[in-house]
Amino acid sequence: MKTILNVIWLILSGFWLFLAYLAAGVLLCITIIGIPFGIAAFRIGIYALWPFGYTTIERRDAGAPSCVGNVLWLVLAGWWLAIGHIVTGLLLCLTIIGIPFGVANFKLIPVSLFPLGREIVRTDEPFAAR
């Protein structure tokens, strides 16, 4: 079932969201200071490409640097990516078939706003990484 949902997601919105994260990652990697943010954008972009079957958990060892990094991320790229998820989610919720995919878009908004200090794990192992 996850494979079917991921393929439909890829066609409806996953590929375009992945391209947005890829563009944000490339733009952020231009400077040396932005490389950690670019890596986070690539990581979340892959998660946005195939979201079904995976979830994010907070890392306990992430400290103050990830908090500061999240504030910078929010200013540099987070708002734009969150707006992309909101618009895509609203458009997908216009049809009954698209509602689960719209809800999945809404679940990606917190990750797109604050990606640092989070880890992507399989849905059946959310506590295995701890």
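Predicted model: local features only at pLDDT ≥ 70, side-chain atom pairs only at ≥ 80, totals over all residues.

Next I checked the ring of Phe52 against that of Phe101. Their centres are 5.9 Å apart and their planes stand at 90°, so I logged the pair as edge-to-face. I then looked up where the two residues lie. Phe52 is in the loop between α2 and β1, while Phe101 is in helix α4, residues 99-107. The pair thus links distant parts of the chain, 49 residues apart. Phe101 has a relative accessibility of 3% and went down as buried.

I then counted the aromatic pairs and found 3 in the structure. One of them joins Trp9 and Phe52: the ring centres are 6.0 Å apart and the planes meet at 85°, so this pair is edge-to-face. Trp9 sits in helix α1 (residues 2-28) and Phe52 in the loop between α2 (35-49) and β1 (54-58), so the contact ties together parts 43 residues apart in sequence. For Trp9 I noted a relative accessible area of 0%, which means buried.

Last, I asked which residues the ring pairs link into a cluster. I wrote down Trp9, Phe52 and Phe101.

Key: Residues numbered from 1 in each chain as written. Heavy atoms only, no water. Phe/Tyr/Trp six-rings, centres within 6.5 Å; stacked < 30°, edge-to-face > 60°. Helix = DSSP H or I, 4+ residues; strand = E, 2+ residues; numbered from the N terminus. Buried < 20%, exposed > 50% of the residue type's maximum accessible area, 1.4 Å probe, protein only.
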